[in-house]
Structures are given as C-alpha cells and as structure tokens.
Amino acid sequence: MTDRVVPEGRRQRRRPTKQGAVLSERLIVETALNLIAWHGAEALSVRRLGAALGADPSALYRYFRNTDALLLAVADELIGRAQQGWTPTGYWRADLRTIGLRIHASYCSNPQAALLAAHRTTGRPHEIRAVETVLGVLREAGFPDGLAVRIYHAFVDQALAFAAQDAAALALPPAARATDAEVWQEVYGRLTPDTHPHIAAAFPLLAADMRSSGYPFALELMLDAVAALKPAADAG
C-alpha cells in the first residue's frame, strides 16, 4: 500500500463489491480479522484481502495508507470489542476486573490477530476510549494522578501480556497443544518425592491449575495490591 488515503468524506465506494457489499473501513477490518483467524498472519495482504472483499486491491488504498495502518485498525477493533456493552458500576475494583477480563477474552477470541496486535499502540478511537475509561475509574475512585497512571500502566500491561501468552498457546497447531498438555502427565507426573518433593506433593493441583489461564488469579493479586495503595479508607 502507498500513502494516498482518501479523506473519510470522499472515500465511500459507490458501487457494491462482487459480494454485494459496499466497501467501508469497518468491512475491511472485519474481513481482515476473519482472514487472520482462518489463515494466520500471512493472510494480511492487499491481494488476499481484496479477493476476500471482491474488490480491486487498489481500492484499499482509499482507507489505509499501508498494511501497518490496517494492522493498527485490526488491533483497535479488538480493543473496541472488549468494550462493547460494558457500563461502569461505580465500584473501581469490579470495574477494573471486568475491563481486564474483557480485554483478555477479546484477544483470545482471535489468537492469530492477538499475536499481531497485543503489543501495538494504535492511537485510534477504541484505544483512546479505553485509556480514558481506565484512568477515569481510577481518578474517580480517589487515586491521585501519578498513582493512577502507574496503576493504569501495570494493569494494561498485565492484561495484554497474559492475552498475548494465552493467545500464543491457543494459536498452536492442535498436535502441539496436545503435546504441551501431555508434558504435565508424562514428565511432571512421574517425578518422585525422593527427587522433587514439592512437585510430587502439589502435582494433582498443579496439573489441574495449569489447564487454564493464570490471568484471573493474577488480576485479583493486582487488584489486592491496588487496594492496599488506595488513599481512602474505603477500598471500593
């Protein structure tokens, strides 16, 4: 793609694509997400996206200056989906918990896209709204600005780090995922108390816990730490 984006008011395609849809930024982003979900990161190309849309690939230049701009829009869409239908409760801890779990779930719903997007800063509307929302939750709960910023930073990085890690596991081929799961039984399950007393003692619980993401518990640990820093007597 090249740097020739058409201003929003003049960009809409008048004729429908071969699939009968009118080309739009939203349609392009949704189609890109579907392609990535089914075919992986290599699917994010002008040629394949144009073919999926039933449009000339050059038409995409009217919406995105290059593939990186499209990738940022895809990343922003994942952030936006995390916010759909969310309303604040007025309780900072409950609100942060819900926001964090929604972010994690949104990225894990499309693991291939998460691998491309979890580490990017989009500067687009959904991300801006998410930053404003989290800072608002913290500032309205009484956290001073300096502390609110540091908590925001740790909170978002934790959510995205777990999302990226869990998405990477989900994106593995089924055979690789099965092999990884078997390691707990075939390797750790055979360790004896004589050589590895702590693993042997905790193994049944360890094997069960490692089947799911550690994010929900890690999030609660973070919220406990944030509550300990809260200046007001009421921890929310």
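Reading from the N terminus, the elements of the protein chain go α-α-α-α-α-α-α-α-α-α. That comes to ten helices and zero strands, in what is a predicted model. The chain has 236 residues, and 37% of them count as buried. If you look at contacts between residues at least 6 apart in sequence, 71% of them join residues at least 24 apart.

**The nonpolar core**
- The largest nonpolar core takes in 57 residues, and the members touching the most others are Ile-28, Leu-70, Trp-92 and Tyr-107.
- Two or more residues of this core come from each of α1 (25-39), α2 (46-53), α3 (67-83), α4 (92-108), α5 (111-117), α6 (125-140), α7 (145-170) and α10 (215-229).
- Tyr-107 is worth a click: setting aside neighbours within four places in sequence, it contacts Ala-75, Leu-78, Ile-79, Ala-114, Ala-117, Ala-118, Leu-160, Ala-163 and Ala-167.

**α1 against α3**
- On the α1 side, the contact uses Arg-26, Ile-28, Val-29, Glu-30, Ala-32, Leu-33 and Ile-36.
- On the α3 side, the residues are Leu-70, Ala-73, Val-74, Glu-77, Leu-78 and Arg-81.
- Sorted by class, this contact has nine nonpolar residues, four charged and no polar ones.

- Buried residues in α2 are Val-46, Leu-49, Gly-50 and Leu-53.
- Looking down the axis of α2, those buried residues stay within an arc of 100 degrees, so they line one face of the helix.
- That buried set packs against α1 and α3.
- Turn to the face of α2 pointing away from the buried side and you'll find the exposed residues Arg-47 and Ala-51.

**α7 against α10**
- α7 and α10 pack with their axes 10 Å apart, at an angle of about 175 degrees, which makes α7 roughly antiparallel to α10.
- From α7, the residues involved are Leu-147, Ile-151, Ala-154, Phe-155, Gln-158, Ala-159 and Phe-162.
- They meet Tyr-215, Ala-218, Leu-219, Met-222, Val-226 and Leu-229 of α10.
- The class count for this contact is twelve nonpolar, one polar and no charged residues.

- Gln-158 belongs to helix α7, and with a relative accessibility of 14% it counts as buried, since the cut-off is under 20%.
- Not counting residues up to four places away in sequence, Gln-158 touches Tyr-215, Ala-218, Leu-219 and Met-222.
- Gln-185 is in helix α8 (residues 174-186) and is partly exposed, at a relative accessible area of 43%.
- Leaving out neighbours within four places in sequence, Gln-185 has contacts with Arg-190, Phe-203 and Ala-207.
- Between Gln-185 and Phe-203 there are 18 residues of sequence separation, and their C-alpha atoms lie 9.2 Å apart in space.

Notes
Residues numbered from 1 in each chain as written. Predicted model: local features only at pLDDT ≥ 70, side-chain atom pairs only at ≥ 80, totals over all residues. Heavy atoms only, no water. Core = buried A, V, L, I, M, F, W, Y, C linked by side-chain atoms within 4.5 Å. Buried < 20%, exposed > 50% of the residue type's maximum accessible area, 1.4 Å probe, protein only. Helix = DSSP H or I, 4+ residues; strand = E, 2+ residues; numbered from the N terminus. Contact = heavy atoms within 4.5 Å. Axes fitted to C-alpha atoms, helices over the stretch in contact; angles between N-to-C directions. Parallel < 35°, antiparallel > 145°, perpendicular 65-115°, else oblique. Nonpolar A, V, L, I, M, F, W, Y, C, P; charged D, E, K, R; others polar. Arc of directions from axis to C-beta.
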